[in-house]
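Thank you all for coming; I would like to take a few minutes to go through one model with you, beginning with a single position and then widening out to the chain.

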Amino acid sequence: MTSGFDAFSLGLFTSLAPAGVVAFLALALVRLWSRDRTASVRIDRMIALPFSVVLIGFIASATHLGTPANALHVFSGVGRSPLSNEVLSAVAFLFLVGSYWMMAFKERFPDAVAKPWLALACLAGIALIACTSMAYNVDTVPTWDTAFTPANLVLAALLAGPVLGLLFLELAQVRPRALERALVVLAAPALVAGTVVLALHQESLPAIANNEFAASTLAPSYPAVIGAHLIVGAIALAIAGLSMKRVQSRRTTLALRATASLLALAAVFVTRIVFYHLHMTVGF
């Protein structure tokens, strides 16, 4: 099993990074289609927020490497190691988004340069989610090496990311109604599907065992965590829905969206902690 600190740090990364990417995609979509120069500038400034969310998760994940020097060994496996691919995709995304944000402060940053750059960053973000979801395909860890693992991570990103995106859109003072509705519509089925996937994963654990113990003994609280995920996630979506009213003050909208974002991330985080505590090798 992993240590509690490893579970916490990796749980932060796999909760924050995919959600941050989806929130970035929401901002980027508006920016790519925007013809309002003032709104575009506000969006460019707010891109620092999803960038920071992914960066915090990435820094947290690096703490389990032991020493910074070990990070160099991670890159030696690019192309053959799922973990190396994950790290490379994270670095690529952070570089593209971070450099874009800094360039956006230039007085002249033409759309002919900005939009292709932003589109490339979007592709890097999608690659990051894909690589992160596949990083746990490890033959020697049967509790992780299942179809439930990538499905759960992608669905978790589609739950927390859109809610976080709503918050960042409000902070950027852009309220594309169609996109806001689409984000909530996307997050709701992701919560339901994610809960189903978690339940199926939990039901599969009794059949997985090594020469020491069964996987089901590693996380006896898994059913309760799945229930918490569903309830907290539903509350987050309900609050996010309330934040879409046009007649309330901006302060109220921000408060509702910040609360919804924290709850959505919490709903994802509790399941990630359990996931890492399910680490079990095939045995001797």
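This is a predicted model: local features need pLDDT of at least 70, side-chain atom pairs count only at pLDDT 80 or more; totals for chains, interfaces and linings use all residues.

S15 counts as buried, because its relative accessibility is 4%, where buried means under 20% relative accessible area, exposed over 50% and partly exposed in between, with a 1.4 Å probe and protein chains only. This serine sits in helix α1, residues 4-33, helices being DSSP runs of H or I with at least four residues and strands runs of E with at least two, numbered from the N terminus. If we set aside neighbours within four places in sequence, S15 is in contact with L265, V268, F269 and R272, contact meaning heavy atoms within 4.5 Å.

Residues are numbered from 1 along each chain as its sequence is written, and side-chain values use heavy atoms, with hydrogens and water left out.

Turning to helix α3, residues 48-62, the buried positions are A48, P50, F51, V53, V54, G57, A60 and S61.

For the protein chain, the secondary structure amounts to 10 helices and 0 strands. Its radius of gyration is 19 Å, close to the 19 Å from the globule rule for 284 residues, so the chain is as compact as a globular protein of that length; the radius is taken over C-alpha atoms, and the rule is 2.2 Å times the number of residues to the power 0.38. Buried residues make up 49% of the 284.
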